[in-house]
Amino acid sequence: MARTGAEYMEALKTRPPNLWYKGEKVEDPTTHPVFRGIVRTMAALYDLQHDPRHREVLTYEEDGKRHGMSFLIPKTKEDLKRRGQAYKLWADQNLGMMGRSPDYLNAVVMAYAASADYFGEFAENVRNYYRYLRDQDLATTHALTNPQVNRAKPLPPSPTPTSPWGW
């Protein structure tokens, strides 16, 4: 179900992420001076889902429960329009400066669930993961970084390009 900002912050306190800053483990990102601002911003976005002025834009009902709009599997043009309105509302809240708002990668997981049969024998795993994220209203994201390597050794050569364009 769509969670509140307080529920989001409590989860960070009771199940803290494996978060490190400058070589030190961050025990509570809700109070850490580097992270508390973004935590509060994320919490405010979650709270908007419960604001009577925005509830219908930011959530949808399924089986008697309200879920975050990023989990709505669109079946009509109206569904797509509703999702777009929700994304715009959240982007407007931070002037488009938050590149990883809670809806960001959730939309990818939703798309995977919508086409779960593509994953063959793993289709039910995809559906289960989607339902888990939706029911907990979790924010997912990714990192685009190189894996940790032994920097004392040179990197292996890049693979030979296989595309006709040289990349």
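View 1. Residues are numbered from 1 along each chain as its sequence is written. Because the model is predicted, local features need pLDDT of at least 70 and side-chain atom pairs count only at pLDDT 80 or more, whereas totals for chains, interfaces and linings use all residues.

**View 2. Packing of helix 1 with helix 2.** The axes of helix 1 (residues 5-14) and helix 2 (residues 36-48), which are lines fitted to C-alpha atoms over the stretch in contact, with angles running from 0 to 180 degrees between N-to-C directions, come within 7 Å and cross at roughly 140°. Helix 1 is therefore oblique to helix 2, since angles under 35 degrees count as roughly parallel, over 145 as roughly antiparallel, 65 to 115 as roughly perpendicular and the rest as oblique. Gly5, Ala6, Tyr8, Met9 and Leu12 of helix 1 meet Val39, Met42, Ala43, Tyr46 and Asp47 of helix 2, a contact being heavy atoms within 4.5 Å.

**View 3. Extent and burial of the chain.** The C-alpha trace spans about 55 × 45 × 35 Å along its principal axes. Of the 167 residues in the protein, 34% are buried, meaning under 20% relative accessible area with a 1.4 Å probe and protein chains only. Among contacts between residues at least 6 apart in sequence, 54% join residues at least 24 apart.

Notes: Heavy atoms only, no water. Buried < 20%, exposed > 50% of the residue type's maximum accessible area, 1.4 Å probe, protein only. Helix = DSSP H or I, 4+ residues; strand = E, 2+ residues; numbered from the N terminus.
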